[in-house]
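Here is a friendly briefing to read alongside the sequence and the model. Take a look at the fold first, and then go through the notes by topic.

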Amino acid sequence: MTEERSPGAASASLWEREEEVEGVAEAIAALRADESSSGSLLMVRGEAGFGKTALLTETRRIAKAHGCAVWHVRGGETLRSVPFNVVRQLLQPALLTLMPEEIREYLGDWYDIAGPALGVTEPGERQPDPQGVCDGLVAAVRRLAKRHWPLVLLVDDAHWADQETLRWLAAFAERLDDLSVLLVVARRPGEVSGESARYLDAIAAAAGPPATVLESLTPRATAGLTRATLGPHADGAFCREVWAVTDGNPYETVELLAKVKDSGLAPVEESAAELRELNRSARGGGLLARLDDLGFEATRFAWAAAILGTGISVDLVAKLATMKRDEAVRCAELLRTDRILTAPDPAASQAGAGELEFVHPLIASDVYDSIPDGVRTAMHGIAAQVVTDSGHGAAAASRHLLKVHPEDDQELVEQLREAAREHLSIGAPDAARRCLERALVEPPLAETHAHVLYELGCATLLTAPATTIGHLQTALGMPGLDGHARVDAVFRLSQALTHNDQLEEAVRTVEEEAARYEPGAARMRLQAVQFMWEGIHAGEGTSPGRSERLAALAGTCTGRDNSERALLILRGFDAMTHGENAEEVVEVCDRALVNGRLAPGLGWTDTEWGLEILMMLASAYAYTDRLDRAESLYNEALSAYVTAGWSGGHLSLAHAYVGLGHRRRGRLREAELSLRESLRLAERVGRGLPLYWSATCNLVDTLLARGHVEEAWAISEQYGFTPPYPSTIVLPDPRCVRGRLLLAVGNTKDGINELEQAAKAATVRGHHNPVMVPWAVDLARALAVEDPTRAAQLATDARRQAEHFGTDTAIGEALRCAAALETGQRAVRLAAQAVAYLESSPCQYEHAAARVEYGIAARSVAEINRGLTLARACGADGLVNQAREVLETGRGLR
């Protein structure tokens, strides 16, 4: 690069940034080319002072010059604990230009979910799902972007953004393909860890080209910048010393040259020795010395501004620094003159940005760090009061309260508890956790301590079950947690243990607590919870006589309250898994409903019981051929979670069970779509959880039914559908599905072994429902050649169990298996009987398969064609191909 450069360049900090600026210009041109073009993401990395902000400022200038809307925001080092702070600053200015009814229109169904996080509406009564809030924010930008196209979003100092914003940015970055927006994110390397680091890595991974890494200036560029600033007469030795003193840091170079200019220092070799001392005054000890020279009042003003971090106004700083307004005005002017504070750039200012900001984040950090510890703590305490008195609420004040020293202040404890509730109400459980953890340090009074731990456990239940376990166990071991709160704490502890794959301990915990109570509502709820966890346990830990005790207890229930209704559901599910008479199962389940619907307080988004028990109810209907009722419940769950914005694990599980309903009904294409969406959502929540198994297992089962064997195997390999299996029940049974998969790919030996293991596990659990755990019919077919005697016995046993269970599907499937093991007219008769039963069944795929098999056995073109028509309607491509192949050969058909 030459030393000559126009003094009218957009920024002195852009020296040696031509390539980066050109990349920005190309991205803006691509954005403007077509309103339907895909969005793009540029990631800019650089050490402090290397010109990230200057490059974003130039990006804004170019974008505005080409008619783009530009929204700009910057993270703040002292503001990382404020949830949604950065995304709120980014979007609020655009939203505040709209009328309230327009905001509701643009946010649509997400208004009540994302609106509170954005500060445009009050939170609702129900705690939102963090993932749902994140999705709502993505939807908000999606809709606003269409209004403001072409739109450029600039996020500076992303390493200092709050965790909730980073989560949104990561999700938004993944979805830029179908949204015409240019997103530019600037960050320092390092600086963050944990979840924030993971989100920043995800953002970087979504960027199109490799991240732009800003380097220090070369000596040649430093010389050019020096002469552009001080004049062409600056000699070479002076320029080289500027580079040596600043180490090529663009920000420090610009600041040093400004000080040279202000001081009147001649840019010649004789003056070079003074540069190092002049540079020291810009930061660190030199900055503190400059503050001292400005006087104590100006120093206090700077301290107060650093404490506030954002929204810096003379009046607010005056309150925090406890000084009169005229003195504050004087101090602000002194700090502006000395290039410590400045007026915000009008082009980049956000709503509530204030009258002042620090010239550079490096200066803000130095000033904040220079405040003596005791003074800083006291000022945070005053700032919390100032924020509260301004009417901003406990949540806004909480970032200051977190910094106050513990002093056994019970008012502070209550403020932090209130702040935690406010954070939870907008979908920020991590912020709530920080507040409650800080409240414990105060500490709370003995009678309050257990309640704070309980609230902390509730806040971390979805995000950190292992941490939740410790909090709730401690709370239950302390005095003060009684009545409904204690019962609810035990239930939530058992939930956390279950989510942490400690199901046996969950059962034991509830059982021990139930024993402490006399007969009544509390004991019955705990007993129901114990039976629920035992009912979904896939291991060998079921206590002897459990089903008999459950049947006896449920036999006393009439469904007069939700504890009784829960017990009836549990009894119905248990009877279904054991293969008891289906009509009796349905009768018990129906008694748990109120006028055919879920009772109030027992809905999908009600937290007193959780979703597990309702999935058990719907599944009991699904496997007793009452698919209309099952699908109604599955779709109700999906609708409830979408409406409530619960787009994490709950929504994934709802899609999985909607897919299960489609699969049972024989709508295989629809099942595959639902299950792929379930798996996509499950990937965001994390692998290894029961919901992940539900999505994967159902998808493999559906692909096998469609005849897409290679794809089923690929899904199995990609998503780890292999032993060991989870400790909770998965429907359909994963061992049976994997055994069938192994047989389908030609691995007969391993497939048989897998089905043998499925038989053992089902026997231990007493699971004899031949539709839910169909190992016997699959194993019988697999053994037909090598062990026909055992195959026949398995088929006979399966038919006996199916007739005992009594559904058309169970009996029809058993008859299909029996027909497959026979030849001649006996095979034809059994296949005809299978068709007769499955024709009355709601399971159309099984009906289609029975039709094709009967047509082949009877050599009937008409029957094969009927099966072919049904198979096409189901999307069962394997059956379609099988029927076509037989019809095309035509040998022996009539």
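**A strand enclosed on both faces**

Strand β3 is largely enclosed by the rest of the structure, because six of its six residues are buried. Buried here means under 20% relative accessible area, with exposed being over 50% and partly exposed in between (1.4 Å probe, protein chains only). Helices (H or I, at least four residues) and strands (E, at least two) are DSSP runs, numbered from the N terminus.

Please keep in mind that this is a predicted model, in which local features need pLDDT of at least 70 and side-chain atom pairs count only at pLDDT 80 or more, while totals for chains, interfaces and linings use all residues. Residues are numbered from 1 along each chain as its sequence is written, and side-chain values use heavy atoms, with hydrogens and water left out.

**The chain as a whole**

- The chain has 44 helices and seven strands.
- Of its 894 residues, 56% count as buried.
- Along the principal axes, the C-alpha atoms fill a box of roughly 110 × 70 × 50 Å.
- Contact means heavy atoms within 4.5 Å; among contacts between residues at least 6 apart in sequence, 68% join residues at least 24 apart.

**The annotated region**

- UniProt, in an unreviewed entry, places the feature "domain: Orc1-like AAA ATPase" at residues 16-184. UniProt positions are given in the numbering used here, feature names are shortened, and annotations may be inferred rather than shown by experiment.
- Over residues 16-184 the chain is 52% helix and 13% strand, and the end C-alpha atoms lie 19 Å apart.

**The five-stranded sheet**

- Five strands form an open sheet in the order β2-β3-β4-β1-β5, with parallel pairing. Two strands pair if DSSP finds at least two bridges between them.
- The edge strands, β2 (69-74) and β5 (212-213), each pair on one side only.
- β2 and β3 run parallel and are joined by six bridges; Val73 stands opposite Val155 in β3.
- β3 and β4 also run parallel, joined by five bridges. Val155 has Val185 of β4 as its bridge partner, and Val152 has Leu182.
- β1 (residues 40-45) pairs with β4 (residues 181-187) in the parallel sense over six bridges. Leu42 is partnered with Val184, and Arg45 with Arg187.

**What is buried in β3 and β4**

- From β3, Leu151, Leu153 and Val155 point one way and Val152, Leu154 and Asp156 the other way, and all are buried.
- Seven of the seven residues of β4 are buried, so β4 is largely enclosed by the rest of the structure.
- On β4, Val181, Leu183, Val185 and Arg187 cover one side and Leu182, Val184 and Ala186 the other, all of them buried.

**Helices across the sheet**

- Helix α3 (residues 85-95) lies across β2 and β3 (151-156), at about 150 degrees to β2. Axes are lines fitted to C-alpha atoms, for helices over the stretch in contact, and angles run from 0 to 180 degrees between N-to-C directions.
- Helix α8 (residues 194-206) lies across β1 and β4, at about 125 degrees to β1.

**A helix pair to look at**

- Helix α14 (residues 296-308) packs against helix α16 (residues 325-337) at an angle of about 85 degrees, with their axes 9 Å apart.
- α14 and α16 are therefore roughly perpendicular to each other. Angles of 65 to 115 degrees count as roughly perpendicular, under 35 as roughly parallel, over 145 as roughly antiparallel and the rest as oblique.
- The contact involves Glu297, Ala298, Phe301 and Ala302 of α14, together with residues of α16 including Arg330, Cys331 and Leu335.
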